[in-house]
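Good morning, and thank you for making time for this presentation.

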Amino acid sequence: MLGTELASKLSSHDLLLTGRSDLDISNENAVLNFCKQNKPDTVINSAAFTSVDACETEKDLAWMVNAWGCRNLALACSTVRSRLISISTDYVFEGDSSRPYHEFDVANGGKTVYGQTKFAGEQFIRQLCPNHLIVRIAWLYGSNGKNFVDTMLSLAEKNLSEIKVVNDQIGNPTSTSAVTYLIKDLLRTDYKGVVHGTCEGSATWYDFAKTIFELSGLQQKAVPCKEGDFELASTLDGVKSFIEEGRMADYQDHYYPSEMSVDAQIQTFLMKGDVDAFLTKFDTDWKRYNRDIIRKVEDYEKEHADED
């Protein structure tokens with residue numbers, strides 16, 4: 001889902017695109033040989049085993065993709081001196097904070113196999129590839145992939161009297177478009193370490209579902225429930241994994257409040273249109289704010305340089 005969006009929005013760059021059938025990131029030799037042969041300036045790793053519940057039952061696969069895959073990419077990038085930008089997740093945090101997590105909070109892998117494997121991947125990257133940037137995102141949705149927005153709209157098409165939606169988890173619904181524009185900007189910098197790249201605001205899944213139905217004009221009733229009401233492999237009762245931007249503060253506030261991006265995807269789902277057409281009206285704001293945001297981030301980096 002994110003990889004497809006990146007390929008589309010970064011088409012002005014000289015891209016070498018790979019999928020699972022082209023390159024198995026869990027294969028150390030294959031990754032190393034690929035990087036030696038192509039010598040990329042930057043590797044963007046959007047590959048992951050992201051199903052939280054499936055990770056609990058397919059632990060070996062989760063560790064091979066989310067942890068060992070990052071290890072192989074980090075080693076290869078370090079060998080050929082490429083920059084590695086790797087996508088991570090809010091699930092690396094425990095989820096018991098009363099406030100949003102920021103980049104300077106200490107992660108520990110959280111309560112799920114998914115979070116633990118992604119955190120292990122982060123650790124491999126830090127240890128093996130000095131020129132790295134880890135971008136943590138949350139509750140991703142967009143075109144070309146299974147996600148919460150499409151799931152809710154598909155359920156609404158079944159004319160159900162009500163849809164039960166979890167109301168005891170909090171996160172940041174974030175669009176693939178927003179993340180892509182963030183990465184596009186980060187490619188122009190030499191930032192290293194960790195950045196949080198979510199859309200503005202936080203919500204429960206129930207809040208998110210209500211917004212989806214409201215923006216779509218559907219008279220669908222959503223009923224709040226607890227995560228424990230469902231028989232799931234993962235245990236996320238009451239988890240508050242919402243995060244906020246520190247190093248990239250103001251970025252999403254200006255460009256992509258969650259409601260704008262949700263509305264864009266709804267238009268795509270209901271009218272089979274092109275999400276780019278809907279987002280065109282935001283281009284003017286993007287160009288106007290872009291230079292100012294980069295300046296603010298650079299000022300922030302200078303101010304906190306002694307803390308690293």
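Buried here stands for a relative accessible area under 20%, exposed for one over 50%, and partly exposed for what lies in between, with a 1.4 Å probe and protein chains only. H7 spans residues 176–186 and is mostly covered, with ten of its eleven residues buried.

Before going further, a word on the source: this is a predicted model, in which local features need pLDDT of at least 70 and side-chain atom pairs count only at pLDDT 80 or more, while totals for chains, interfaces and linings use all residues. Residues are numbered from 1 along each chain as its sequence is written, and side-chain values use heavy atoms, with hydrogens and water left out.

The chain has 308 residues, of which 51% count as buried. It contains twelve helices and ten strands; these are DSSP runs numbered from the N terminus, helices being H or I with at least four residues and strands E with at least two. Among contacts with a separation of 6 or more, 81% join residues 24 or more positions apart, a contact being heavy atoms within 4.5 Å.

Let me turn to helix packing. How do H4 and H5 pack? Helix H4 (residues 59–80) and helix H5 (residues 113–128) meet at an angle of about 15 degrees, their axes 8 Å apart. The pair is therefore roughly parallel. Angles under 35 degrees count as roughly parallel, over 145 as roughly antiparallel, 65 to 115 as roughly perpendicular and the rest as oblique. The axes are lines fitted to C-alpha atoms, for helices over the stretch in contact, and angles run from 0 to 180 degrees between N-to-C directions. Contributors to the contact include Trp63, Ala67 and Trp68 of H4, and Tyr114, Phe124 and Ile125 of H5. By class, this contact has 13 nonpolar, five polar and three charged residues. Ala, Val, Leu, Ile, Met, Phe, Trp, Tyr, Cys and Pro count as nonpolar, Asp, Glu, Lys and Arg as charged, and the others, Gly among them, as polar.

H4 also packs with H2: the two axes come within 9 Å and cross at roughly 30 degrees. H2 and H4 are therefore roughly parallel as well, and their crossing is right-handed. Among the residues in contact are Val31, Leu32 and Cys35 of H2 and Trp68, Arg71 and Leu75 of H4.

Next, a residue in a strand. Thr204 lies in strand S9 (residues 203–204). Is Thr204 buried or exposed? Thr204 is buried, at 9% relative accessibility. Its side chain reaches the backbone nitrogen of Asp207 at 3.0 Å. Beyond residues up to four places away in sequence, Thr204 touches Trp139, Val166, Asn167, Gln169 and Ile170.

Finally, backbone geometry. Most residues other than glycine have a negative phi. Lys39, in the loop between helix H2 (28–38) and strand S1 (42–45), has a positive phi near 45 degrees. Lys39 is exposed, with a relative accessible area of 58%. Asn159 has a positive phi of about 60 degrees and lies in the loop between helix H6 (148–156) and strand S5 (163–166). Asn159 is exposed, at 69%.

Terms used. A polar contact is a pair of N or O atoms within 3.5 Å; within protein, one must be able to donate a hydrogen and the other to accept it, and residues adjacent in sequence count only if both atoms are side-chain atoms. A crossing is left-handed if the near helix is turned anticlockwise from the far one by less than a right angle, and right-handed if clockwise.
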